[in-house]
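Welcome! Please open the model in your viewer and keep the selection tool handy, then follow the stops below.

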Amino acid sequence: MAIASRVTKRALSTFAAAKLPEEAVAAAAAGEAIAATTAAAVPLASSERTAIARAALLQFEDTGRLFAGEPTSALLRTLAALQALSVGPLVDAATAALRSPAVAGSALGRAAARATAYRHFCAGETADEAAAVVRRLWRGGMGGILDYGIEDAEDGDACDRNAAGFISAVDVAAALPPGSASVCIKITALCPIALLEKTSDLLRWQKKHPSFNLPWKTHSFPILSDSSPLHLTPSEPPALTSEEETELQLAHERLLAVCARCAEHGIPLLVDAEYATVQPAIDYFTFVGALAFNDGAGAGDCEQRPIVHGTIQAYLRDARDRLEAMVRSAERERVRLGLKVVRGAYLARETRLAATLGVPSPIHGSIQETHDCYNGCAGFLLDRVRRGTASVMLATHNVESGKLAAARAQELGIPRGDRNLQFAQLMGMADGLSLSLRNAGFQVSKYLPYGPVEQIIPYLIRRAEENRGLLSASSFDRHLLRKELVRRVKTAVVGMGRE
C-alpha cells in the first residue's frame, strides 16, 4: 500500500516575516560596528579577526545588560533550581522517584514535581498557559516553541487523541503574534511504538539489502547511511501485516493533518528526533511530510521558511553522513530542507541498549567528537542557508557553538533577522546564551513543553540528567546568575549608602 507523498495544501506564503524589537536591532548594529572598527584599527591574521568578531557578536561580561528587564526574584528562582540540579545525589534520588509509578502517580509526587523541576522547565499545564509564556517572550524579543509534551503512544486511540492535541497547539500558535511561535511534535505520539520499531527494522534491512521490497514505502529523502547502526537489525524482520500497514497509513494521515494545519496558518512544525530503535521510521515520516509541504519553498525562494523541519542529533556517529545525503537529495528535487540540529538527549538510553545487545554504541566516543560533529553540521547548513536551499534551527546550550555559529553566519553574510536561521534553547536552560544571541540581533526561541505533570515526567527526567553535577550544562548559567545577583546587591548597597 503506497502512501501519498503529496497533499493539497494552502499557499505557504502566509508566513509573515516578523521584525525584531528595535532594541535588538540596535544591539545587532552596535555589534557589527564594534567588529568592523576593531578589524580596521589593527591589521590581524584571519584567525585573529574571526576570534575578535566572535567575541564582539555575543557579549556575556556585562550581566547588567544581559539580564536587563529580568526581575531579581526570577533570577533567584532560576539559580536555586539549577543549583539543586547540580547536586548529583539529589538528582539521582529525584529521578528514581519520578521513575517509580507509585511516587509519580501519587498526588504528593505530582505536587513535588510541579513545585520544582516542572515549574522551572515547563510552560504550564494547558496551551493557553504556554501561549502566555510565548507572549511574554515575544515582548522581550524572543519566540516560543509550543511542545505538547506527549510521547510513546501505545495504540491508535491514543494516537488520535495526541494528533488532536497537536492540532490544538497549532491553532493556539496561529492566534499568537505572527512569527512568534512554532510547534514541536513527536512521531512516537502519532504512531504506536511497536509499529515504529518494526518499521525501523524493515528500513534498516532494506538499507543493507537494497532489493528488499517494502510495498508500503513511498518516496522520501535518504534515511540511513553506511555508518548508521544497521546492526540493530541482525536478521530479516517479518513484513508488516495488512493491519499494520493500515495503522501505518493512519499514522501518516495524522502527521499530514498536523502539517496541513501548520501550512494553513504558516506555522513551522519541528519534528523531534528520538532514540535509535525508532529513528529511521521517524525520519521516514518526517521526510514524507517535508516533500508534501516544503516544495512550495523551493531553492532560491528565500522569503519563506519551510513548514516541516526534521532533526539531526549530532551525538550520533552517522549524523554528518545522513545530513549530507538528505541535503543533496533535497537540493536535487529543489525542496528547501528544514532541519533542527541538536546534540541529543537519549545518551543514557542508547548506552544501556548497546551494552545490553553487546553492540557498538551509536554515539560518538567522546564529548569533543560530539562538539565537533555539531559545529561541523551547523557550518554545513549555514552555507545552505546562505544559498537559499535550507532553513536551520540551531538548538544548543553550548556557548562556544553559539559563538561559532554566529560568527560563521556573519562571515557568510546571512542577515541577523533571516527567518531561515534560528537559535533555540530549552525553557529554564542556557538563558544567558539566549539573551546574548537576542541582543546580537539573531532570531531566538525557547522550547516550551506543556501538559499535565504526569505526562511531562519523561521530559523532566531527561532534563534532570542533563543538568546533573557541578560541571553540567548549567554551570555557565549559574556563573552568570551569581555574577548578576552580586552586582545587583552591590548596586543596592551603594544606593542605600547615598541616601
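In what order do the 8 strands close into a barrel? The order is β1-β2-β3-β4-β5-β6-β7-β8, with parallel pairing. From one strand to the next, the twist averages 30° (axes are lines fitted to C-alpha atoms, and angles run from 0 to 180 degrees between N-to-C directions). Helices (H or I, at least four residues) and strands (E, at least two) are DSSP runs numbered from the N terminus, and two strands pair if DSSP finds at least two bridges between them.

A word on the model: it is predicted, with local features needing pLDDT of at least 70 and side-chain atom pairs counting only at pLDDT 80 or more, while totals for chains, interfaces and linings use all residues. Residues are numbered from 1 along each chain as its sequence is written, and side-chain values use heavy atoms, leaving out hydrogens and water.

Next, select residues 421–426 and 443–450: these are β7 and β8, paired in the parallel sense over 5 bridges. Find F423, which stands opposite V444 in β8.

Now move to residues 319–332, helix α13, whose 14 residues reach 20 Å from first C-alpha to last. Color its buried residues (under 20% relative accessible area, 1.4 Å probe, protein chains only), among them L323, M326 and V327. The buried residues of α13 pack against α12, β4, β5 and α15. Just after the helix, click R334, which takes a positive phi of about 55°.

Finally, select residues 313–340, listed by UniProt in an unreviewed entry as "coiled-coil region". In the model, this span is 50% helix and 18% strand, and its end C-alpha atoms lie 9 Å apart.

How values were computed
Expected span 1.5 Å × (residues − 1). Buried < 20%, exposed > 50% of the residue type's maximum accessible area, 1.4 Å probe, protein only. Contact = heavy atoms within 4.5 Å. UniProt positions renumbered as here; feature names shortened; annotations may be inferred.
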